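Thanks for coming. I will go through the ligand sites in turn, and then a couple of backbone torsions.

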Amino acid sequence: MRHSGKTSFWLLLLVAVISGGACFAIASLLLDVQQHKIEARTPIVRVAEVTDDTTDPAIWGQNWPLQYDDYLKTADMTQTTYGGSEAVPNVPTDEDPRDVVSKSKLETIPQLKRMWAGYAFAKDFREERGHAYMLTDQMYTERQKVGQPGTCINCHASTYVAMKELGDGDIMVGFEKLNMMPYMEAKEHLSHAVACIDCHDPDTMALRVTRPAFIEGIAAAKASEGVDDYDVNTQATRHEMRTYVCAQCHVEYYFKGEKKRLTYPWDKGLTIDDAYAYYEEAGFKDWTHAETGAPMLKAQHPEFELWSQGIHAKSGVTCADCHMPYKRVGGTKISDHHVRSPLLNVNRACGTCHKQDDAELIARAENIQTTHRHLVESALNALVDLIDDIKVAKEAGATDEQLAEALQWQRKASFYVDYVEAENSSGFHAGQYAARILGDSINYSRKGQNALRGLQLAAADDTAEPADEQAAEAQTGG
Ligand code: HEC
Ligand code: HEC
Ligand code: HEC
Ligand code: HEC
Ligand code: HEC
């Protein structure tokens, strides 16, 4: 027995050594293959030095000319049925030197002016366009006239190096300083639209997140799921990063407190109900509605949040899969850095997973979008009806206390319809979820109208202006 025990020991050791060696060999082979893959995509010799302080994308472009060429194409303007962007000529002035702008949404969707009465958005709100324009469009929007804080610039420029400089190496400190500057001062520190350095580590070219508000926001969202101390740059997978680099900016946000800290309302999670509950708890309002006095919330571009509730997110499809699909240039496979509407490029953007032809894929996307726009129209009309009814009650002498419930429904109905209207996929990112939100919004407007029923109103004050005049004023004055 002892003898055979010894033999099996040596046998085991031998097997262990051989299999260990085999594992090592396989591992190094895999590593080697991986290495070759990376080399195939990255030039082995860098012609220009790129460091953690190189903002100018033209310098990075010397090393990665294919990605840079596509990146420059974000200046193109091409329309799709519901998205893309249409070039509208603009007569340049000293105040606004742009010769081309995008289409005004206030003209195509007139209810928006009523929804935002009294807020800067009722003065100027346009279709978004390519990344190349993000800094200039922000500088020259009429919404700047109200004197915006530096916080605005977080998502409209390459901010990484500026934040490092302002914070003596600490981007969090730089972030806080930038937020507290007036916009006109903040912009002096910045000169490029989102650039390579905002999404890539210059040494490895790996994806990374450089936006403090997203680093904090995603940690809060993870904490709500029971994951504490989440650090996106060390814990996210490469796959998740293909969404997170975009989610740095394509999200709902607000400016928190006196320090105007850019904050994403994700403490309770990523759904619209979580965001609304967050704002309720914080007692936050963006503005007071000019026609009714309701304490209002403005929603903006929650592409990441809507996507997160849709079928593609559930199937592991990332922003980059559709908006930066792989393409082959000569012998090299690259990610298309011409970030744009995938419907201008369905063959590569969708065709890798869906076998239907291009026309059918576009038709399926537009089918979702047409239904969506129809529901948005109904929800906006319902909201305008509620605003009209509150005004009538006000003019008939209703007190603030009597109106309180209706005003609260106005706040909620407005946030819900605005959230999916401001989202830029026209429902595509999560069609059923968007439809549910719009159904809720219509219901909240209905509840607001119900709350006005049967109020015991004091006699109308006969010095009050007729309703028509007030409406006319709100349209022009805002
Ligand atoms: C399954 C594919 C797919 C995924 C994944 C996806 N999108 Fe989209 N996205 C679309 C389609 C389709 C549209 C509609 C484009 C249109 O109407 O022209 C769109 C529209 C947009 C638009 C408006 C573009 C325009 O031209 O008007 C933005 C911005 C956007 N998506 C950002 C994102 C972000 C950020 C993510 C990840 C959080 C994401 N998308 C994930 C397919 C996708
Ligand atoms: C959290 C990131 C973020 C912040 C902060 C931010 N933006 Fe934007 N902004 C975006 C994104 C993403 C788009 C493109 C999607 C869209 O237009 O809905 C955009 C689009 C725009 C546009 C073009 C479309 C339009 O609305 O007319 C303007 C102008 C603009 N922002 C101005 C501002 C101003 C002014 C502020 C500060 C009050 C600001 N932004 C703060 C992310 C941000
Ligand atoms: C630094 C913030 C920021 C980041 C990061 C960012 N975007 Fe944008 N994006 C914007 C802003 C701002 C605009 C609108 C610019 C304008 O209208 O002037 C925009 C516009 C767009 C558009 C509209 C293009 C068009 O032609 O109409 C798409 C699509 C888009 N982004 C998708 C993405 C995707 C996908 C990613 C990630 C790979 C991403 N964005 C990363 C801020 C950002
Ligand atoms: C908004 C974020 C964003 C910006 C800005 C950006 N990239 Fe990328 N880049 C990506 C994503 C996403 C990938 C895909 C990476 C992956 O899947 O690992 C990528 C991949 C790459 C790769 C790897 C090869 C490939 O094409 O897949 C290179 C090289 C690259 N980018 C260069 C650049 C350069 C140069 C610039 C500036 C001109 C730039 N990138 C700007 C998001 C960005
Ligand atoms: C990386 C793979 C991938 C890409 C890229 C992709 N899809 Fe999908 N798509 C899926 C998966 C997975 C589903 C879930 C249904 C299924 O399993 O077939 C889906 C579902 C859909 C649905 C049904 C959604 C619904 O709400 O009922 C439509 C429509 C669709 N995709 C259109 C598109 C379009 C248009 C594009 C390009 C803009 C696109 N997809 C890009 C994988 C992908």
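Take ligand 1, where an oxygen atom lies 2.9 Å from a polar side-chain atom of Gln369. I call that a polar contact, a pair of N or O atoms within 3.5 Å; within protein, one must be able to donate a hydrogen and the other to accept it, and residues adjacent in sequence count only if both atoms are side-chain atoms. An oxygen atom of ligand 1 also sits 2.8 Å from a backbone N or O atom of Gly84. On the nitrogen side, a polar side-chain atom of His429 is 2.8 Å from a nitrogen atom of ligand 1. H13, helix H15 (303-308) and helix H17 (319-323) are the elements that give two or more residues to the shell around ligand 1; helices (H or I, at least four residues) and strands (E, at least two) are DSSP runs, numbered from the N terminus.

Before going on, the ground rules. This is a predicted model, in which local features need pLDDT of at least 70 and side-chain atom pairs count only at pLDDT 80 or more, while totals for chains, interfaces and linings use all residues. Residues are numbered from 1 along each chain as its sequence is written, chains are lettered from A and ligands numbered from 1 in the order in which they are written, and side-chain values use heavy atoms, with hydrogens and water left out.

Back to ligand 1. It is surrounded by 25 residues, the closest being Thr80, Cys319, Cys322, His323 and His429; a residue is near a molecule or strand if one of its heavy atoms lies within 4 Å of it. By class, that shell has 10 nonpolar, 13 polar and two charged residues. Here Ala, Val, Leu, Ile, Met, Phe, Trp, Tyr, Cys and Pro count as nonpolar, Asp, Glu, Lys and Arg as charged, and the others, Gly among them, as polar.

Now the metal. The iron atom of ligand 1 has His323 (NE2) and His429 (NE2) as its protein donors, 2.0 Å away. Donors are N, O and S atoms within 2.8 Å of the metal (3.2 Å for Na, K and Ca); water is not among the atoms, so sites may look incomplete. The six donor atoms make angles of 87 to 179°, and the site is octahedral. For the cut-offs, four donors count as tetrahedral if all angles lie between 85 and 135 degrees; four count as square planar and six as octahedral if opposite donors are over 155 degrees apart and all others between 65 and 115; anything else is irregular.

Ligand 3 next. Its iron atom is coordinated by His131 (NE2) and His250 (NE2), at 2.0 to 2.1 Å. That site is octahedral, with angles of 87 to 180° among six donor atoms. His131 lies in the loop between helix H5 (111-115) and helix H6 (134-140), and His250 in the loop between helix H13 (238-247) and strand E3 (254-256), so the pair ties together parts that are 119 residues apart in sequence. His131 is partly exposed at 25% relative accessible area; buried means under 20%, exposed over 50%, and partly exposed in between (1.4 Å probe, protein chains only). His250 is also partly exposed, at 34%. An oxygen atom of ligand 3 is 2.8 Å from a polar backbone atom of Arg129.

Ligand 2 has 21 residues around it, with Arg126, Cys152, Cys155, His156 and Asn424 the closest. A polar side-chain atom of Arg143 lies 3.0 Å from one of its oxygen atoms.

Last, the torsions. Most residues other than glycine have a negative phi. Asp229 has a positive phi, near 50°, and lies in the loop between H11 and helix H12 (232-235). Asp229 is exposed, at 73% relative accessibility. Lys260, also not a glycine, has a positive phi of about 50°. Lys260 sits in the loop between E3 and strand E4 (261-263) and is partly exposed at 37%.
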